[in-house]
Amino acid sequence: MDAAHLMDSDERDSAYPALPLRARRIIFAGLVTATICTLVAALVFIFSRNGLTWIEIAMTAVFALNTPWMVIGFWNAIIGFGLLHFRRDWLRNVTGLAGLEDVQSPVTARVAIVMPVFNEDPALVVRNLRAVTDGLDATGQADNFDLFLLSDSNKPEIAAREQALFEVWREDNARPDRLHYRRRADNARQKVGNIEEFCARWGDGFDYMIVLDADSVMSGEAVLRLVRLMQQNPRVGILQTLVTGMPASSAFARMFQFGMRHGMRSYTTGSAWWQGPDGPYWGHNAILRLAPFRAHCHLPALPGTRPLGGEILSHDQVEAVFMRRGGYEVRVLPLEDGSYEENPTNLPDFLTRDLRWCQGNMQYVKLFLHPSLIRGVRPMGRLQLLLAILMYSGAPLWYAFMVLGLVDLVFGPFESVTAPALDAVPGIPGFGLVLFVTVMAMTFAPKILGILDVALRRSARGSYGGMARILAGTLVELVFSMLVSPVAALAQTIFIGGLLFGKRIRWDAQERDDRRVTLGEAFSGLWPQTLLGAGFVATLWIAAPQILPWAAPVIAGLLLAVPVATLTALPAFGRAMLRLGLCAIPEEFETPETLRRVAEPIGAAAADTLAVTRPFTEVRPLADPERA
């Protein structure tokens, strides 16, 4: 093994003509701290013009707790944008990885590509797996790869069709010996247990494991890039790709992933710059070094009962910090490089998925309450877990700030009730407005810089269909984001409150197909948003009507939650956006071969026959792969 590969990660990040990792973190911490202090001081300055009340002190405390997530995102985007456009060797500077230009070296390691599933659509699963395998075959370097469908499905009809489709695929494949199906009779520990059972049963035969979700797919070239990087960087334990959305026909999915696509390149580049070897793991579309994963990443059960106790549901980030505790690096590769997933097609399904993640992330609180569970975890690992909590704790803090403001308007001193909207500090006209605009600009900075990133690159502008389409899509997506954000934030707030009283959400298969959302379904899930929006309007109309224009984005999102959920799921709306190229992503204008393969039909008729003639009770795992 090359001695250069064995350098400590801090040293290797410093080996290029760039700031040492420690200096980056000091600079980033300084920027974040200074920004938070400035914003909080500005708010205190505004409140203190007539003396601080207890409500204003509470609002300041809530604002201070909620600000770090926004500020970190802001500086991630600023730094990432600067690196992308003002640093020629930005990728090497950010990742510190050897072999970034390597596209030819042979794959010598044994690699398992695994897809754990639970009651997913079998046709979707097999299509995605087939696309990955066909993509690898096209590279001519597929010999060292085996593919595993790891089923936890417990519905008889799904399990039967799952295996039937898989066997039809095996029979049609030139190398069926590399395709393996295993179904557990007992899905203990859910996805974590599924992966653990694979590692115990087959882990000795492989060097690396690439994990896919049921709705994710990777090109052959993207897979080879990950493997080559792992071969040349033996201290990397997990290497995560940037995952982009697949082309969608649903209006909701189109708008959602259009905004995500722009913002995440700058954001992820900036975060990777200061996180270095302590990066994130998102649970799929990533490669893991199997030996250290098996040795260091076993997850403990959390003390107490569900929803916050028991098995860790959001396992990925905990596995990442455990891998780092074991002395291996966790890196993210901030490239749009043939790594895809599907996004929810409507607002109710999006909220269901979001609340699942919320429950999993909030379990991390138990890790801090029981320090023995994370003994030896590095400070950066603890920060990653804390950031995962802040991702969702910001929603109740945001609503707490607004509710406290309403209470102050209604029950506070007469001056605060009758003061003009966003009252200026005496002697500094418009100071309150400046703070408001600053906070909003920082909130939307990742999206704005993402659009600017595309606009400044000729090839990127062309890949999105030209600047006119980009600007039109941006306008639509910004309105969409402003309407949906308060809806999602209230759903998170209510759910987090329910967690304290034992409420939880089932971790079941996601609904991935386009579907209509009726007004009845939308109202049954979103009536709290409508009710709160009406309450805000009534209170402000009576107490401080001059505030209504500034509160309009939040109020509009809450009041329109039901029609927005229904409208954005209408097939006709999606078709119109598709026809106009509105919120289109590059893959719609030039479809990669991998996504063409995903769209190809499978042997459904033969599988139907096989599923009928082979009842569920006879479904058995395929033979274990033989190893030389």
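Gly 535 is partly exposed, with a relative accessible area of 29%, and its position falls within helix H19. In this predicted model, Gly 535 and Asn 233 are separated by 302 residues in sequence and by 57 Å in space, taken from C-alpha to C-alpha. Helix H19, which spans residues 519-543, also contains Ala 534. Ala 534 is likewise partly exposed, its relative accessible area being 38%, a value that lies between the limits of 20% for buried and 50% for exposed residues. For Ala 534 and Ile 555, a sequence separation of 21 residues corresponds to a C-alpha to C-alpha distance of 7.8 Å.

With regard to the overall fold, the protein chain comprises 25 helices and 10 strands. The radius of gyration of the protein chain is 25 Å, close to the 25 Å that the globule rule gives for 628 residues, and the chain is therefore as compact as a globular protein of that length. Along the principal axes, the C-alpha atoms occupy a box of roughly 80 × 60 × 55 Å. Of the 628 residues, 55% count as buried, and among contacts between residues at least 6 apart in sequence, 84% join residues that are at least 24 apart. As for the charges, 58 are positive and 60 are negative, and the mean positions of the two sets are 2 Å apart.

Backbone geometry was then considered in the loops. The peptide bond from Arg 306 to Pro 307 is cis, with omega near 15°, and Pro 307 is placed in the loop between helix H10 (290-296) and helix H11 (315-325). A positive phi in a residue other than glycine is found at Arg 189, where the angle is near 65°; Arg 189 belongs to the loop that runs between strand E3 (179-183) and helix H7 (190-202). Cys 583, which is not a glycine either, has a positive phi of about 60° and is situated in the loop between helix H22 (571-580) and helix H23 (586-589). Despite this loop position, Cys 583 has a relative accessibility of 1% and so counts as buried, the cut-off for burial being under 20%.

Terms used:
Residues numbered from 1 in each chain as written. Predicted model: local features only at pLDDT ≥ 70, side-chain atom pairs only at ≥ 80, totals over all residues. Heavy atoms only, no water. Helix = DSSP H or I, 4+ residues; strand = E, 2+ residues; numbered from the N terminus. Rg over C-alpha atoms; globule rule 2.2 N^0.38 Å. Buried < 20%, exposed > 50% of the residue type's maximum accessible area, 1.4 Å probe, protein only. Contact = heavy atoms within 4.5 Å. Lys, Arg positive; Asp, Glu negative; His and termini not counted. Charge placed at Lys NZ, Arg CZ, Asp CG, Glu CD.
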